[in-house]
Amino acid sequence: MFHKNQKLKGVTIRQMFLLITYTIVLIWGILNYSQVLGVLQMVLDLLKPFVYGFMIAFIFNIPMTFFLQRLPISIKKGRKVIAATLAMLVILMIISFIFRIVVPTLVDSIASLAAAFPKYAQDIQVYVEKMISTHQISETYLQQLDKYTGQIQDYILNILKTGVPQLLTAASGIASSLANLFMAIVIAVYLLVSKEKLLNQTKRFLYAFCSERVYRFCGKVGHLTTTTFTSFVTGQLLEAIIIGILCYIGCLIFRFPYAPILSVIIGCTNVIPIFGAIMGVGLSALLVAFVDPLQGVFFVIFGIFLQQFESNLIYPRVVGTTVGLSGLWVLFAITIGGGLFQLPGMLLGLPVFSIIYTLLKEEMNRRIQIKQTKKILIEQEDETC
């Protein structure tokens, strides 16, 4: 009896100590939230290569699994390395193909826009002079126009003064991003080659330090995450390829300029659900409008019809019920994910929310079933009495 009381007293003291420590840490964190945020940002910056590497490895794992299933079983040593190398080469070839199409066309578009800009400025000047000569612009408007022109000139001078430091900052940011990307690729290759070993280590760690219930739940979440992300990424990429090809065919039929780059833009942006279609059509229409404004309007109409065709016919058959969410929840997931994590949040917000939605739905059904079972048992007891 004394031993039990002593044990209970020890547990109570330990719990009180943890509660006091947690309260002190929480109060200190609230009072010094700026320093806490700075430390968290520093930690996140340090972990960026690992986060990017995990994302790249997850995407590369799809073609790697494809090659692993088709390589001869007789190749025992180096089989994973060969499959990982092939997967890396395929993705790098796709990326280089896209850049080979986009970059030259983009340079030509900028050059044509720069060449046409003096003509646009001359047309505007002729139009303004014509309106002045016909007295359609009053002196008050002309004075305001002169005032705004001076303000614009001052604004341009300020931009030029601060432009060099901003370019240096941007250059350092690009260099840091390239370094993170290189590290991420190295980490991704290591994760792909050592996938089974890392999974076994993770399972052993969870089994050793977690309860049986938590261990089974983590395994269930891991399996659900792998299945959902693999199906989502595969479906979205396949859908992007299909709609890119359809856009290219439509551009050739309707004689829109820059057909290759327009199809690449539409295909790449279509990976982002809902908002990607809007961004792709808007950016492509702007590019077409630089050549012919009327064709830019026609491309908007063409893009709307293409997106409707994709939403109603292609998406249900290619992606199907991968995420298992209604349109409202899809919009909610993309909006919240994009607001919190920008572009990566828009890309990954939908499958992440789908996993959370599935787990909550299963837990809700389990609780409802328990309550219904209890209700039936109570009713049976009442009938027996």
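Begin the tour by selecting valine 51, which counts as partly exposed because its relative accessibility is 44%, between the limits of 20% for buried and 50% for exposed. The model in the viewer is predicted. Valine 51 has its place in helix H2, which covers residues 33-70.

Then colour the protein by pLDDT. The average is 75, and 71% of the residues score at least 70. Select helix H4 (residues 139-193), which has the lowest mean pLDDT among the elements of the protein, at 67. Helix H5 (residues 195-209) has the highest, at 86. Where pLDDT is low, the predicted coordinates should not be read in detail.

Now move to arginine 255, in the loop between helix H6 (212-254) and H7. Arginine 255 counts as exposed because its relative accessibility is 70%. Its backbone also deserves attention: arginine 255 is not a glycine, yet its phi is positive, about 60 degrees. Most residues other than glycine have a negative phi.

Finally, select serine 263, found in helix H7 (residues 259-269). Is serine 263 buried or exposed? Serine 263 counts as buried, because its relative accessibility is 10% and the cut-off for buried is under 20%. To view its contacts, display Gly244, Cys247 and Tyr248: serine 263 touches these residues, leaving aside those up to four places away in sequence.

Notes:
Residues are numbered from 1 along each chain as its sequence is written. This is a predicted model: local features need pLDDT of at least 70, side-chain atom pairs count only at pLDDT 80 or more; totals for chains, interfaces and linings use all residues. Side-chain values use heavy atoms; hydrogens and water are left out. Helices (H or I, at least four residues) and strands (E, at least two) are DSSP runs, numbered from the N terminus. Buried means under 20% relative accessible area, exposed over 50%, partly exposed in between (1.4 Å probe, protein chains only). Contact means heavy atoms within 4.5 Å. pLDDT is the predictor's confidence in each residue, from 0 to 100.
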